[in-house]
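Here are some notes for a first look at this model. Please keep the structure open while reading them.

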Amino acid sequence: MKTQLSHTQNKALGTITYVIILVITAFAFNPMYGQSQNAATTQTLQNERTIKGIISNEDGPLESASIILKGTKTGTVTNNKGEFTFPQALKTGDILLISYLGYETIKVKIKDDTSFIRLMLSEDLIEFVGALNTDKPYKSKRSN
Amino acid sequence: MKSLRYIIIFIFAFQSNAQISDFDTINFQEADRIALECKNETLDNLPQLSYKLTSKLTTDVERFRAIYMWVCGNIANDYRLFSKNMRKRQHFKNDSLKLKQWNNQIRKVIFKKLLNENKTLCTGYAYLIKELSNLANIECEIVHGFGRTSTVNIENFTTPNHSWNAVKLDGKWYLCDPTWASGKPNPATFRFEFDYNDGFFLTNPKLFAINHYPVDKKWLLLESNNPSFKTFIEAPIIYGKAYAKLSNHNAPKKMHNNIKKNEKVVFKFQLLKPVEKEDIYLLIDNGNRSKKIYPKSTTIENQSLIVEYEFEKSGFYDVHFLIGAELISTYTFKVKS
């Protein structure tokens, strides 16, 4: 009975070893894209959370700065204290675009530990010039 | 080996500058419709505006087109702001500290005007196009330089007076001038009037270089033979309508010409669209009166337009070239006997 059992066990062990080798071989040639992606999804689903923040410029809190989720039109604007609460729960890896006309747009990538964003926008240092086009015909200056 | 040589010659002969004809197969109707649909959008949320303009379009050139059309159709040129800024910049041109102070001061005013009134100057147009394009993942730059029109005094060409854009589409850089495309000031009232000119969208760099000279020469986008600043200053005056009618202006190369009586003068242009020979004429002004002249020899072959003219009398003439009553270019001729 004992020997028979061990014989069955041996046989099962053999099959398991075979399967393990087969699996290892299979994965050795095929990196586990499927698995790692599943893992990431599960993790981010758990990580979905509300993001808040405060945006300012060199003078203090900036009202009406816009915050938008990259690649969508979901977004919000800051109140008169420069504060915002993003209207949709965000997950790790999402990118927020924070902008205000005349200031450099900043991309903020949501990390695992991001819950509050504190940012100061810096001015787009642009020199303004402008020539207008015209249809007025050229006229030579003549001395006579 | 022989055939290989021919292939190489063929490749070189047909290498053309980046321009609108690269996208002949693309219809911009959908992009233009979207730009029009967004007419009431404001500038307080650029990422959202960029998304609305581009998210339904598939190619980068169409996405850029929607942005460009929106800016050209919704942003007005502020003539008062323009002249005040130019006056101050000219005044402070030798005092870099004061110029910087002025610039910091005016920048805030300009952005406020842009946000609240949709009004700006050239750099404002170029800035918006760049920002909206970058938000849609399209590479786009502001190009600063010299813009030459019939009323610009070239003696003031010590500091740049104009800005436009370079945009990268399908791996190639292209030029456009949204300010000059959007409209012009009314000659009498100086009030800005929208009057869209499609000729400034992805223009042939060779034509563009006749009245646009960038501070950084790489933005000429010419594969070879970059013109010098002197060549640019000496070039003829071309008007907005030249961009609507021509893909290149080949001759005369200069604005001011000295010739002899009965010497042949050749005007050579490459046309964008077919034109009628009867629509082509010159307005020749001798200082006292202006005469409309239909040239004796006009040939159009493969969209290449060649007009020949001979002056029969000596004198000094302003010569305007017109196609269908539209002013294309101006030259002066000093004719000696």
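1. Start with chain A. Read along the sequence, its pattern is α-α-β-β-β-β-β-β-β-β. That gives two helices and eight strands. Bear in mind that the whole model is predicted. Of the 144 residues in chain A, 22% are buried. Take the contacts in chain A between residues at least 6 apart in sequence: 47% of them join residues at least 24 apart.

2. Next, the contact between the chains. Chain A gives 27 residues and chain B gives 50 residues. On the side of chain A that touches chain B, β3 (66-69) and β6 (95-99) of chain A each supply at least two residues. By class, that side of chain A has 10 nonpolar, 11 polar and six charged residues.

3. Helix α3 (residues 46-54) of chain B deserves a look. Eight of its nine residues are buried, so the helix is largely enclosed by the rest of the structure. The buried residues are L46(B), P47(B), Q48(B), L49(B), S50(B), Y51(B), L53(B) and T54(B). What covers them? The cover includes parts of both chains: β3, β4 (75-77) and β6 of chain A, together with α2 (29-37), α4 and α7 (122-135) of chain B.

4. Now the division of chain B. Domain 1 spans 20-235 and domain 2 spans 250-336. Taken over C-alpha atoms, the centres of these two domains of chain B are separated by 30 Å.

5. Chain B has an open sheet of five strands. The order is β8-β5-β4-β3-β9 (chain B), and the pairing is antiparallel.

6. On to the largest nonpolar core, which has 98 residues. Those with the most contacts inside it are I67(B), Y68(B), V71(B), I129(B), L132(B) and C176(B). Take I67(B) and leave aside its neighbours within four places in sequence. I67(B) is then in contact with S50(B), L53(B), T54(B), I129(B), L132(B), S133(B) and A136(B).

7. Look at a hairpin in chain B. Strand β14 (residues 280-285) and strand β15 (residues 290-293) of chain B run antiparallel, with four bridges between them. L282(B) stands opposite I293(B). Four residues lie between the strands of this hairpin, where G287(B) takes a positive phi near 100 degrees.

8. Most residues other than glycine have a negative phi, and most peptide bonds are trans. The peptide bond from A251(B) to P252(B) is cis, with omega near -5 degrees. P252(B) sits in the loop between β11 (246-251) and β12 (256-260) of chain B. N302(B), not a glycine, has a positive phi of about 50 degrees. Its loop runs between β16 (297-301) and β17 (304-310) of chain B. A325(B), also not a glycine, has a positive phi of about 70 degrees. A325(B) is in the loop between β18 (315-323) and β19 (326-336) of chain B.

9. A325(B) is exposed, with 8 other C-beta atoms within 10 Å.

Key:
Residues are numbered from 1 along each chain as its sequence is written. Chains are lettered from A and ligands numbered from 1 in the order in which they are written. This is a predicted model: local features need pLDDT of at least 70, side-chain atom pairs count only at pLDDT 80 or more; totals for chains, interfaces and linings use all residues. Two residues are in contact if their C-beta atoms, placed from the backbone, lie within 7 Å. Ala, Val, Leu, Ile, Met, Phe, Trp, Tyr, Cys and Pro count as nonpolar, Asp, Glu, Lys and Arg as charged, and the others, Gly among them, as polar. Two strands pair if DSSP finds at least two bridges between them. A nonpolar core is a set of buried Ala, Val, Leu, Ile, Met, Phe, Trp, Tyr and Cys residues joined through C-beta atoms within 7 Å. A residue is buried if 20 or more other C-beta atoms lie within 10 Å of its own, exposed if 12 or fewer, and partly exposed in between; C-beta atoms are placed from the backbone. Domain bounds come from an automatic or database domain assignment.
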